[in-house]
Every structure is written in structure tokens, then in C-alpha cells.
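Thanks for coming. I have one model to go through, so let me put it on the screen.

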Amino acid sequence: MRKVVIAGNWKMFKTQVQAREFLTAFLPKLQDVPQNRAVVLCVPFTDLATVAIQLDGSRAALGAQNVHWEDSGAFTGEIAAPMLTELGVGYVIIGHSERREFFGETDETVNLRLKAAQHHGLIPILCVGETKQEREAGETEARIFAQLDKDLAGVDQSNLIIAYEPIWAIGTGETCDCEEANRVIGLIRSQLTNPEVSIQYGGSVKANNIDDIMAQPEIDGVLVGGASLDPDSFARIVNHR
Ligand code: PGA
């Protein structure tokens, strides 16, 4: 059975003090979260150690927002998988569109990062999605299939989460129509060798649209940016119907 995974992506928000304040308000709201629902917080590297302590014994798991493919080496500014696993990190976002757009991430480096994450027992959340221009040109499927093809070459699909994040819906308030997201996610699934991979939707997920999104049969969870920064709104998303 496909697992429901609700993940927050804090991006470059929250100092350690702010992270602790968030968790003090958020964690008590997780008491009634159903068993088949994973809750993940993907926090900035500098918050990992402190958040790990507070999450210990809680209903939520710890995630990072990137990982390098080498175990160590002269790679200034990068973080290796053993550095994450030592802190109790279980999940890692790979290939987010902001990394691809602003930091030169390519399908080749995404592929290397995915394999390294899996090698160290981290569950990767691979992000794929099309730009507005690609959507308007009718290239949505081609774009996503090309990403999947390159990103997943040689990747173990039994230890993987995919997030469909249409780039034009990220941080814009312009959510993708639920049925359209459902359709694209069904197409993504048709490209996989393992039909049990959980596939999330991401892009302007909020407390007021989560129930409609999760009512779609192909959508196995959400990757949430802005609305994961507020304990009440993220708790509402986690506790969706
Ligand atoms: P958003 O971000 O929820 O703020 O649109 C989603 C994401 O970038 O993962």
C-alpha cells in the first residue's frame, strides 16, 4: 500500500530559536495523525541538530534539503550523507526546482545525489515539474518524462518518494488544479517500475486546499513550502481529512 507522506520544506527560513518555537507549538498537534501517514520536516542544515533532539520520540521525522554524492572531500559548502544520518536525518529533498534554477543543479547531479542518499539509507524526495512556458507549449509530459528518465537511471525505486511540483505553482498562490495534478501524477506513476512509490503534489498547498488535493486518488501526500512555516497551518495540513 502506498504511504501518505506530508513533508514541510522550510527552505532558507528559521534560525534554531525559531525552529524550537515552531516545534513547541506544532508537535502537540500531532497526537491523532493516522498511522499510515508520515510527517517530515525538511529544515535548513543549521537547524538539523536542534530539531533532531526535539523530534526524538515524536510523530515527525527529520529531513534535509540537499545532499552531496561523495562521502567526504574538498567540496566547500556541501554536506555529505554520513553527516546527515549521524544526526538522525531520514529524508532528503533532491532536485528542488530552486536548486535547479538558482544553483546549477542538473539531472546528472540529481541522479548522483539520489544514489548517494539511498546508499546511506536516506529516503530521497525527488522533485520534478514543468515551467509555465513548458506547460503553455504543451510540453509538460515531455519535460517530466525526460527528468524522470535521467534522474532515476539506476535508482532503486523501492526507497523513493517523488514530488510533482509544477514550477509556476511554487510560492505563487496559484495551485495546480487538483484534477490536473492527479492526472500528471498518474502519468508519472505510469513511467515507474514500482507502482508503490508515493508521489506527492507540491506548489501552494495550504490549509484551505489540502482536503481537495488529498481527495485525489493518485496523490499520496504533499510537499509544503510557505504553509509549513506556521505551526497551525502545517498542523491542519498534516491532519487533513
Ligand atoms: P510552496 O512551496 O508551498 O511555498 O509553494 C512548495 C515547494 O517549493 O516545495
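How are α7 and α8 oriented to each other: roughly parallel, roughly antiparallel, roughly perpendicular or oblique? Before I answer, a word on the source: this is a predicted model, where local features need pLDDT of at least 70 and side-chain atom pairs count only at pLDDT 80 or more, while totals for chains, interfaces and linings use all residues. Residues are numbered from 1 along each chain as its sequence is written, and side-chain values use heavy atoms, with hydrogens and water left out.

Now the helices. Two packed helices are described by the angle between their axes and the distance between the axes. Helix α7 covers residues 140-151 and helix α8 covers residues 178-190; they pack at about 40 degrees, with axes 11 Å apart. Helices here are DSSP runs of H or I, at least four residues, strands are runs of E, at least two, and both are numbered from the N terminus. Axes are lines fitted to C-alpha atoms, for helices over the stretch in contact, and angles run from 0 to 180 degrees between N-to-C directions. So α7 and α8 are oblique to each other; under 35 degrees would be roughly parallel, over 145 roughly antiparallel, 65 to 115 roughly perpendicular, and the rest is oblique. Their crossing is right-handed, that is, the near helix is turned clockwise from the far one by less than a right angle.

Helix α7 also meets α5, residues 107-119: the two axes come within 8 Å and cross at roughly 50 degrees. That makes α5 oblique to α7. The crossing of α5 and α7 is right-handed.

On to the ligand. It is surrounded by 13 residues, with K11, H96, E165, G171 and S204 the closest; a residue counts if one of its heavy atoms lies within 4 Å. By type, the shell has four nonpolar residues, seven polar and two charged. Ala, Val, Leu, Ile, Met, Phe, Trp, Tyr, Cys and Pro count as nonpolar, Asp, Glu, Lys and Arg as charged, and the others, Gly among them, as polar.

K11 places a polar side-chain atom 2.7 Å from a ligand oxygen. E165 also has a polar side-chain atom 2.7 Å from an oxygen atom of the ligand. From G225, a backbone N or O atom lies 2.8 Å from a ligand oxygen. The protein covers 97% of the 280 Å² of accessible area that the ligand has on its own, by the Shrake-Rupley method with a 1.4 Å probe.

Last, S204 again: its phi is positive, about 55 degrees, although it is not a glycine. S204 sits in the loop between β7 (198-202) and α9 (210-214).

Notes. Polar contact = N/O pair within 3.5 Å; in protein donor to acceptor, adjacent residues only side chain to side chain.
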